[in-house]
Amino acid sequence: MNLHDPHFENRLMMTRRQLFGRSALGVGTAAMANLLGNDLLASSGPAGPGTHHPAKAKRVIYLFMSGGPSHHDLWDYKPKMQEMFGQDLPEYVRDGQRITGMTAGQKTLPVCPTKYKFTKQENNDRGVYVSELLPHTATVAKDLCVVHSTFTEAINHDPAITYIQTGSQIPGRPSLGAWLSYGLGSTNDNLPGYVVMHAHSSFAEQSLFGRLWGSGFLPSDHQGVLMRSQGDAVLYLNNPKGVTRKDRRAQLDTLVALNQEQHKRFADPDILARIKQHEMAYRMQTSVPELMDLSGESDSTFELYGEEARNPGTFAASCLNARRLAERGVRNIQIFHRGWDAHGALPKEHESQCKDVDQGCAALIKDLKQRGMLDETLVVWGGEFGRTAYCQGGLTRANYGRDHHPRCFTVWMAGGGVKPGITYGQTDDFGYNIADADGNPLRPQPNKDRWTPGTMHIHDLNATILHLLGIDHRKLTYRYQGRDFRLTDVHGHVMYDLLV
Amino acid sequence: MALLAISILISHTAFAAERLDFSREILPILSDKCFVCHGPDAKEKELRLDSFEAATGDRGGYRAIDPDKPEASEVLVRIHDKEDPMPPVDAEKQLTDVERLMLEKWVKQGGNYAKHWAFIPPVKATSQKSVDGYVSAALEKKNSNLAPEADRATLARRAGFILTGLPPEPEQLEHFLADKSNGAYEKFVDAMLDSPRYGEHQARYWLDAVRYGDTHGLHLDNRRGIYPYRDWVIQALNDNLPLDDFITWQLAGDLLPNPTLAQQVATGFVRMNPTTSEGGALPQEFQAKNNFDRTETLGTVFLGLTMSCARCHTHKYDPIVHNEYYSLLAFFNSTAEKPLDGNKYDYGPALKAPKDHTAWNAWEAAHQEALELLKPLGDEAKPWRERLINLSKQESQPKANELATRLTDLEADFTTTLVARELEKPRPTKLLLRGEYNQPTGDALEPNVPAVMGALPPEAPKNRLGLAQWLTSRAHPLVSRVLINRVWQRVFGDGLVRTPEDFGVQGEQPTHPELLDWLAVELQESGWDLKHMLRLMVTSQTFKQESAWRKDIEDPENRLFSRGPSFRLDAEVLRDLALWASELLDPHMGGEGVKPYQPSGLWSALAHPASNTKKYERDQTELLYRRSLYVYWKRTSPHPMMTLFDAPNRESSCVRRSRSSTSLQSLALFNETQRLEMGRKLAERLLREGSNDTERLDLLFTLLASRNPTATERNACDSLINAMRERFQSDAESAQALVSVGEAPRNEALDLTDLATWTQVATTVLASDVALLLY
């Protein structure tokens, strides 16, 4: 591409103007990256001129547990509930909390203690209890920053998952990943900058939505690219039968000549940008299969991730892919695992769910660490809300279900600038309300000026993720409909307590 | 550099002798930098800077703006105050040096206020009388003028795409090129406007705006009965239904006296918000959310204003008060559907309507015949149907009997479509504190419109019909501007206001304010005649300019419209173009959304196990080749060939699509099943109609570019032809594999090597900017 072409320079100026006009600090490097090719940005690095402040993390891997994992059965140890098995949840605990339409009609809300054993794991703080359902994750407790006091306002899946992923309960906003793509651009010329994977689950009970990795009103090239285990790894990646790589090269040579002729006639710089994209597509056709080809992985890798990791589409395989993507400079990776919505048969379902994810999670942390990448990779694990202390449906010691619970749930982070091995926040004896150190319920009512120490609203989580990647959540904005929108709306506080 | 920029700006604006234009030069600064605290939503007792009265009020011995002693104005002191500046040091947005100077000059000129331009009804300026007049006048100020006219073939292609979403047929093109008479182009344009393809193409823009989808959109995202609404939109546009009626029927067709079937079907607009029936969802919560969605969509589509701010508090920027939002919302709060959709296809109120264009025509014909037959008999107070049945019972009336039977037969084949109905007893609407559904407060609010945009017409009922009357009244400052701006955008690639979704204080200023107003008034004066407006635009010299970037003027974003329109065509157009060129396009109009090829597993990877849109069942036969606006729209997972090329998901209103260029698009253009099938069928056509490579390339370029290839293009294609021919001659298996993609049967009479070779060529040219761009 001829960078000295006057029309192209014009266009560049224009793009810069838009950037500075539209995003308050001119972070939106991505629009530039698309135009210029990433080579020009490579020198800037993650903490380069594109970011608001030096980034702690170069990339994020978000392990999203869709449906609402039960903090009661995985992370939040509440021995006192055992004594109250089956008794009605005291009124003062619920304190007017609204209940979903599914349990609102129940005559009682019987206290439902977990049936699983918890073991205290040493960490660099007060220790952390981990359920027997997560034996592998327990082994990396010293690397995790476990937050028991995450909360949201939404009580149903669609609004809640839309809320945590886009900052609004009503569809229409860009996703977290799209914001990151807009803010960070890509550092790999041969792979997409924002990759989304859907891992298999035996209980795919809740739906996902394109909007969760969609671009909303941001330019649509910021939408997540699905990396699939079925068919082409990336949609339409492979040439049709009968067309070789050499054939495609010949096609592209002709196409480039046609486009250059078009450019000669119209001098529109978009034409040049499109030629670059065709070339990148051509490179992706080898870089993606190379990425997906695990034959070069050692036996120890599969010991770490488990044999499951050899089966494309499993959570373990997705985690391995995430590591391989991270190695190749992809900065924005999300794995969605469905099936955590355990209303009726929680033990059966969660046992299977945990088996799906446990080893992969731990392996990812260990693997990143042994490769010296954990420090610069933020790993996040969590769902859209927690689950109730009371049982939905029939309660026995062996089987029970739990409804949605927004007031507290557990999220963990690791690497990329968060303190390793800490346990943050706590809940009351019923795992119902966020509580202070003495167990007294806190009722956080955050607004833009007020944050309650010891709590983490989902906007705070998102603000913190952006912060670690070098982005000020208040400044990464995009003007749409006359308003400078941002991921955290008018909310969000960076969780400095969690940062190195 | 910065200093230089400032001094240039100053010399142009702030220190120039003429008075500042408050609305265009000062209000945007106040709005962007000051209104967060000092705007319509300011705290009580806090200074407000959004009106002259407030800004000049006595604040205990001093005034923010002192028109008598401008130098003493507190505003001036504070914006220059190093110790205690405004905006405060920690404010997210700071004033620039230029803005400080502008404010200073404005205050010294007396600090006069004026209404934001978009809230003042448009009037036609007298300076110019045509599109070209206004555009040329602006160019002349830059010592420039319009670019030369594009060649006629390019023009024909351009007008074809803009009006019908397809290029002209080769015969049409040939005829037009041969017609040297005056008015040949106008005749050509009229033919495009009369084509049934016109309504289909124009409908797409509307369907984006109203967020049309074939599914409910939330949670299970089940199927929804609504496509007769889409077919009505197409028909209304083809019939050139005046836009004021177009709006009225959609908002309130059910409230018109003796509404026709079409008028009721049109109210599907009111039902277009995404809905849910998630297990735990609370009715009261979704009654509120559904209404938010409709109110805010009304804001985007008709008012070009963001209403969502006022959901939680008085608007920070535009003069829309918190309770005005809820008064506007009240128009929608009394529709009869339940707040939760029950995951049902016929989430009522619904009625039955014809299932495609042919069925509409047949029913409409029978209906008209019935009306003719009944006309001489009077008694028009009774519904026509009842009268027809009564008449058909008389033995002397075989015609009535035949008609009644025919209508019954036609109606047996009708399909469900969601419509709006009003509750007998309206639901009370209250302001919701911070937009929380469970925090209603104060007295019930009457349906009403925001005061800054005028008032409901005196006779207007306080329901959706009154709302429509207000929107379509001549006094409305926004609707005609907002609509015509989007028409301009689809013709010229960008609007006169480049934020078509926001005409408020924070939106962009029009590039050609007088032209925008002239067009807005022309739209009203023409009887809201969309075809007239489109004709006026595409026959302008501005439209006819060459679209090449010019070296003699600095206009990268074409804000001066110093060159003709040029942009990458939309997702639907790209597919339709290839279907058309390959003669696969099925002209059937209307009907249930179609499901062309789609990689397997896309829906099941997302969908709830109980969803009835979990499995994508691909269509067979000609349904694969319908125009793209008929492609089934599952809102949580629209077809990838749509979203990869920037189509919105239709969960929320979209009045401007992005135009991205990505590597994924390249992969799709070369490897997607339908692209390959279309490439092959196009190759068959070229082989059939051209007897040698030269003729075939000529035809290929004529179809896609309305011209023959240049020598360079011919060389580029020849080298591909030669390479592919050589390759496929020695590898019949590959050739066979390539030409076997897609359901359309292969023309066995054609030589395999030739067909495979030309499939590669056609696919490549279809993927190139020769085909991808409007120019």
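This is a predicted model: local features need pLDDT of at least 70, side-chain atom pairs count only at pLDDT 80 or more; totals for chains, interfaces and linings use all residues.
In chain A, strand β11 covers residues 409–414 and is mostly covered, since six of its six residues are buried. In a regular strand the side chains alternate between the two faces of the sheet. In β11(A), Phe409(A), Val411(A) and Met413(A) point one way, while Thr410(A), Trp412(A) and Ala414(A) point the other way, and all of these residues are buried. Strand β4 of chain A, residues 144–151, runs antiparallel to β11(A) and is joined to it by five bridges, and in this pairing Cys145(A) stands opposite Met413(A). Strand β8 of chain A, residues 377–382, is likewise antiparallel to β11(A), with three bridges between them, and here Val379(A) stands opposite Ala414(A).

The contact between the two chains takes 71 residues from chain A and 82 residues from chain B.

Two packed helices are described by the angle between their axes and the distance between the axes. The table gives these values for two pairs.

| Helix pair | Angle | Axis distance |
|---|---|---|
| α10(A) and α30(B) | about 170° | 9 Å |
| α7(B) and α8(B) | roughly 135° | within 10 Å |

The pair that spans the two chains joins helix α10 of chain A, residues 245–266, to α30(B), and their axes pack at about 170°; the two helices are therefore roughly antiparallel to each other. From α10(A) the contact is made by Asp247(A), Ala250(A), Gln251(A), Thr254(A), Ala257(A), Leu258(A) and Glu261(A), and α30(B) contributes residues that include Thr712(B), Glu713(B), Ala716(B), Leu720(B) and Arg727(B). The residues of this contact divide into seven nonpolar, four polar and four charged.

Within chain B, the axes of helix α7 (residues 152–164) and helix α8 (residues 170–178) cross at roughly 135°, which makes α7(B) oblique to α8(B). The crossing of α7(B) and α8(B) is right-handed. Arg152(B), Ala153(B) and Ala156(B) in α7(B) meet Leu173(B), Phe176(B) and Leu177(B) in α8(B), and the residues of this contact comprise five nonpolar, no polar and one charged.

Definitions and conventions
Residues are numbered from 1 along each chain as its sequence is written. Chains are lettered from A and ligands numbered from 1 in the order in which they are written. Axes are lines fitted to C-alpha atoms, for helices over the stretch in contact, and angles run from 0 to 180 degrees between N-to-C directions. Helices (H or I, at least four residues) and strands (E, at least two) are DSSP runs, numbered from the N terminus. Angles under 35 degrees count as roughly parallel, over 145 as roughly antiparallel, 65 to 115 as roughly perpendicular and the rest as oblique. A crossing is left-handed if the near helix is turned anticlockwise from the far one by less than a right angle, and right-handed if clockwise. Two residues are in contact if their C-beta atoms, placed from the backbone, lie within 7 Å. Ala, Val, Leu, Ile, Met, Phe, Trp, Tyr, Cys and Pro count as nonpolar, Asp, Glu, Lys and Arg as charged, and the others, Gly among them, as polar. A residue is buried if 20 or more other C-beta atoms lie within 10 Å of its own, exposed if 12 or fewer, and partly exposed in between; C-beta atoms are placed from the backbone. Two strands pair if DSSP finds at least two bridges between them.
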